Amino acid sequence: MSYVAYADRDHEQEHHDPDTFITKYIYSQDHKVIAIQYGITAIFVGLIALGLSAMMRLQLGFPDDFAFINPENYYQFITMHGMIMVIYLLTALFLGGFGNYLIPLMCGSRDMVFPFMNMLSYWVYLLSVIILIISFFVPGGSTGAGWTLYPPQAISEGTPGIDLGILLMLASLAIFIVAFTMGGLNYVTTVLQARCKGMTLMRMPLSVWGIFIATILGLLAFPALLVSAIMMLFDKTLMTSFFMPAVSSMGTDPGYSGGSPILFQHLFWFFGHPEVYIVALPAFGIVSDLLSTHARKNIFGYRMMVWAIIAIGGLSFIVWAHHMYVSGMNPYFGFFFATTTLIIAVPTAIKVYNWVLTLWEGNIHLRVPMLFSIGFIFTFIHGGLTGLFLGNVTIDLPLSDTYFVVAHFHMVMGVSPVLVVFGAIYHWWPKITGRMYNETLGKWHFWMTFLGTYAIYLPMHYLGFAGVPRRYFAMGNTDFLPASAQDLNAAITVSALFVAATQILFFINMIWSLKSGPKSDPNPWDATTLEWQTPDHPPKHGNWGHELPEVHRWAYDYSVPGYEDDFIPQNVGTDKAPAGRDHGGEH
Amino acid sequence: MEIGLITLAIILATLLGWLLKQSFNTQPWVAEQVSDTAHHGPFGGGSNTKLIALTAFLAVVTSFFALIMSAYSLRMELGDWVPMTEPQLLWTNTLMLVVASGVFQWTRNAAVKGQEGRLKPGLLITGVLTLGFVLGQFVAWQQLQNSGQFITNNPSNAFFYFLTGAHAVHILGGLYVWGRATLKVVLGTGEASAIRRSIELCTIYWHFLLLVWLILFGLLLST
C-alpha cells in the first residue's frame with residue numbers, strides 16, 4: 001500500500017495501471033475517481049436532504065394543506081435534513097470529494113500515499129450512506145430526534161424512530177467516522193509527505209491549506225461524536241445510564257437513573273463546533289484560490305491567510321459551549337465561551353478583508369466561479385455578523401430557539417459553503433471532464449440561487465426577532481405573533497421551492513456539458529496552480545506522465561510586472577520569468 | 001472536559017510549533033529555483049510515510065480515549081456514582097501487556113540489527129502474551145458478571161466495560177497487523193525490509209497501547 005514513485009512502479013505487479021472497467025471506475029484506487037465517487041454520492045444524498053427541506057417548508061408555509069406531513073415525519077425530515085447536509089453532504093464533499101481531487105494534483109503527487117485505504121474510505125462511506133438511507137424504510141422510520149440527537153428524548157418513547165431509526169443513525173455515524181479517519185489519515189500524510197520538489201508548505205495553494213487543517217480538525221473532533229454515539233448506543237441497547245436521567249416515559253419507568261444529558265451535549269458540541277470549521281475551512285481555502293485566479297491578482301496577505309486558517313482551527317476547539325447557553329452554565333463559563341467565540345471573529349474578519357482586498361484593483365472576470373465566490377463573501381459576512389449576536393449569552397438566550405438561529409446557521413454554514421461548492425465545481429469542471437459548460441446557464445443558476453437564498457433567509461431573521469419558534473410543526477399558542485408572520489412564512493416557502501427547483505439548471509448544464517459541451521483548453525482560466533499544468537487533459541492515472549513537476553514559486557503569481565502573460569504557473573522556473581519581484585501583499 | 005482539552009492542547013501545540021518552524025520568516029512570494037533540500041517535504045521522503053500516518057492515527061486514538069476519560073470525570077461528579085472494585089486479575093493482565101511490549105521492543109531491536117533468527121520467537125511470544133491480555137480482560141468481565149457486577153449496576157461499571165472494551169478493540173486491531181507480519185516471518189515470505197518496518201511500527205503501537213492502558217488502569221484504580 002505504500003507510496004511508490006510512478007517511475008519505480010513497473011516491476012511491482014500490484015501497481016499496474018487499471019485496465020478493466022471495474023478497476024478503472026468502480027474499485028478504483030485513483031484519487032480522481034474516488035473523488036468523483038465521493039462527489040456523486042454526497043450530491044445524491046444532498047438532493048434527498050433538499051427534498052426533505054422542501055417538505056418542511058410546505059408544512060410551514062401552508063400548514064394543514066398537506067395531509068401526508070404529520071408531526072412525526074416533520075421531525076424525521078428535520079433530523080435527516082440536518083444530519084445529511086452537515087455530515088454526509090458537506091463533510092464528505094469537501095474532504096472526500098475536493099480533498100481527494102485537489103490534494104495530489106495541487107501538491108504535485110501521483111496519488112494519495114495509501115491508495116488502497118483511500119478506496120476503502122469511499123466504500124465504507126458508501127456503507128454508512130446506505131445504512132442511513134435504509135433507516136428511512138425500517139418500521140417506525142428514521143429518527144426524529146433533531147440533528148443533535150439530544151438525550152433523553154432521542155431514545156425515549158414519543159420521539160419518532162426510537163426503535164431501529166436511532167440505532168441505524170448511530171451505527172451509520174460510527175461507520176462514517178471510520179471512513180473519514182481512513183481518508184483523513186491519507187490527506188494529512190499526503191500533504192506532509194508526497195509534495196513534489198519545491199512545493200514547500202508556504203507555497204501550497206490555500207485550498208490545500210484549508211483542506212489540510214480541516215482534516216486535522218476532523219481527525220481530532222470526530223472521536224467526540226464516536227464516543228457519544230457509542231455511549232448512547234449503550235444507553236439504548238444495554239440500558240446503561242451514561243446520559244439518561246431517571247425519566248418517566250409515557251407513564252412507565254424505562255429503568256434509567258442518574259445520567260447526564262448535559263454530558264452528551266458537551267461531547268456532541270466538542271465535535272459539533274469544530275465540524276462547522278471542518279466545512280468552512282476548505283471553503284475558505286477554495287474561495288481564496290477562485291478569487292485570486294479570476295481577479296488575476298495574488299491573494300492579499302497569503303501568510304496571514306494561512307495563519308488565520310490555523311488560528312480558526314485552534315480556536316474552534318474552545319468555543320463549543322456557546323451552543324449550550326440555554327442548557328444553563330456557570331456565568332463565568334458563559335463569559336469565557338462568549339469571549340472565545342467573539343475572538344474567532346478576528347481571524348475570520350482578516351480573511352474577509354483579505355478577500356475583498358484581493359478583489360481591489362483586480363482584473364475581475366465575472367465568470368461563473370467568480371460570481372459564486374463573490375456571492376459567498378456576501379452570505380458569509382451576513383451569517384458571520386449574526387454569529388456575533390448569538391455568541392453573546394444575553395442575546396442568545398431569547399433568540400436561541402427562534403428562526404433567527406435557523407437563518408444564522410443556514411447563511412453561514414449552509415448557503416456559504418454550498419456557494420463555494422458550486423463555484424468550485426464550475427471552476428474545476430473543465431479539468432475533471434475536459435469539457436466546458438454553458439456560461440449563460442451557469443450565470444442564471446448563480447443569480448437565481450444567490451437571490452433566492454436571500455429571499456429565504458433574510459426574512460427568517462425578522463421572524464426570529466418576532467419570536468417565531470424553530471422546530472415547531474405548527475405555531476400553536478403563539479398569539480403574540482402578527483398574522484403577517486404566516487404570510488412571510490408562505491413567501492419563504494415559495495422562495496425555497498423556487499431555489500430548490502432552479503438547481504435543475506446546474507444538473508442540466510453538467511449533463512449537457514458531459515454529452516456535448518465544447519472541449520476545454522487544458523488551462524481555461526490561465527491559472528497558476530499545478531493541477532492545470534498536467535501533461536494530459538483531463539489528467540490520467542499517475543497525473544504527471546513520466547516526470548513529476550518541480551515547483552519554483554507560490555501559487556499566486558498573477559499579473560506580475562514585466563511579464564507578458566498575466567500569470568506564471570508554479571512549475572515555471574525563475575530563468576523563464578523575471579526575478580526579484582516584490583509584489584507581495586504583506587510588506 | 002479538562003482531560004480532553006489538555007490532551008488536545010498538547011497535540012495542537014506540537015503541531016503549531018512545527019508549523020511555526022515551517023513558515024517562520026519565509027517569503028512565499030519570492031520565486032527561486034528548486035533546491036535539493038526542498039525535496040519531498042520536511043520529513044525526508046517516502047520512507048517515513050507510514051510512520052507519519054501512524055503518528056496521526058495515534059493522535060486520533062489519543063483524542064478518543066481522552067474524551068472518554070473526560071466523560072468519565074464529568075459523570076463521576078454526579079451523585080449516583082459508586083466506586084467499583086476492580087478484579088485482581090487486571091494486575092496479571094497488566095503484567096502480561098508490559099512483558100509483551102518489552103518482548104516486542106527486543107524483537108524490534110533484533111530486526112534492526114538483522115538478527116533474523118530472533119524474529120519468530122519474539123513475535124510469537126509477543127502475540128501469545130497480548131492474546132493472553134485480551135483473554136484475561138474477557139475473564140475479568142466474566143468474574144464481574146459472576147459476582148453480579150453488570151454493566152447496568154452503576155455508571156462506574158458501565159465505564160469500566162466501555163474503557164476496557166474500547167482498549168481491547170484497539171489491541172485486536174494491532175494483533176491483525178502483528179498477524180500479517182508474523183505470517184510473513186513464519187512462512188518466510190516478504191521482503192526483510194518491509195517486515196522490519198512493520199515490526200518497528202507495531203512496536204510503537206504496542207508501547208502506545210500499553211501507555212494508554214496504564215493511564216486507564218490508574219484512573220480505574222484511583223476512582
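## Gln503 of chain A

Gln503(A) lies in helix H14 of chain A, which spans residues 484-516. The model is predicted.

Along the chain, Gln503(A) and Trp320(A) are 183 residues apart. Their C-alpha atoms are separated by 33 Å.

## Domains of chain A

The domain assignment of chain A gives two entries: domain 1, made of 200-244 and 258-365, and domain 2, covering 518-579. Taken over C-alpha atoms, the centres of domain 1 of chain A and domain 2 of chain A are 32 Å apart.

The contact between these domains takes 12 residues from domain 1 of chain A and 11 residues from domain 2 of chain A. On the domain 1 side, H7(A) gives the most, with 4 residues. By class, the residues on that side of domain 1 of chain A are 3 nonpolar, 5 polar and 4 charged.

## Contact between chains A and B

Chain A puts 54 residues into the contact with chain B, and chain B puts in 44 residues. Four helices of chain A each give two or more residues to the side that touches chain B: H5 (164-193), H6 (206-237), H7 (261-295) and H8 (302-315). The largest share of this side comes from H6(A), with 8 residues.

The side of chain A that touches chain B has 29 nonpolar residues, together with 19 polar and 6 charged residues.

Conventions
Residues numbered from 1 in each chain as written. Chains lettered and ligands numbered in written order. Predicted model: local features only at pLDDT ≥ 70, side-chain atom pairs only at ≥ 80, totals over all residues. Contact = placed C-beta atoms within 7 Å. Nonpolar A, V, L, I, M, F, W, Y, C, P; charged D, E, K, R; others polar. Domains from an automatic or database assignment.
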